[in-house]
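Thanks for coming. Please look at the sequence and the structure first, and then I will go through it.

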Amino acid sequence: MYATQALTQLVPLAADELDKNKVTPGVLGFLVFAALAVGVWLLMKSMNRHMGKVDFEEAPDPAAEPAGADGGAETAASGSGTKANASGKG
């Protein structure tokens, strides 16, 4: 006996009990939704952990710093290092 034949024989039995106005997702729908919610929570927790490991220091804006004797030497030194890092070599 095929599975489709078995299901077609069970449909009339379920049709008497099924109220089309009160169809709900049931336990399976809740379990799927809960599994998705737990998965999203775990992904967010993992993302926060990985983002906490990122050490990002923004390069100072050369236009915002005053052009002084000491400031010019610091920006030139930091600017050359920034270009090497940005090119992927350092």
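Accessible areas here come from the Shrake-Rupley method with a 1.4 Å probe, and for residues only the protein chains shown count as cover. On that basis, the protein chain has an accessible surface of about 8,400 Å², and carbon and sulfur atoms hold 65% of it.

This is a predicted model: local features need pLDDT of at least 70, side-chain atom pairs count only at pLDDT 80 or more, and totals for chains, interfaces and linings use all residues. Residues are numbered from 1 along each chain as its sequence is written, and side-chain values use heavy atoms, with hydrogens and water left out.

Now the fold. The protein chain has three helices and zero strands, where helices are DSSP runs of H or I with at least four residues, strands are runs of E with at least two, and numbering starts from the N terminus.

How confident is the prediction? pLDDT is the predictor's confidence in each residue, from 0 to 100. Its mean for the protein chain is 74, and 56% of the residues reach 70 or more. Confidence is highest in H2, at a mean of 96, and lowest in H3, at 51.

What share of the 90 residues counts as buried? The figure is 0%, with buried meaning under 20% relative accessible area, exposed over 50%, and partly exposed in between (1.4 Å probe, protein chains only).

Last, Val54 lies in the loop between helix H2 (26-53) and helix H3 (69-87). Val54 counts as exposed because its relative accessibility is 53%.
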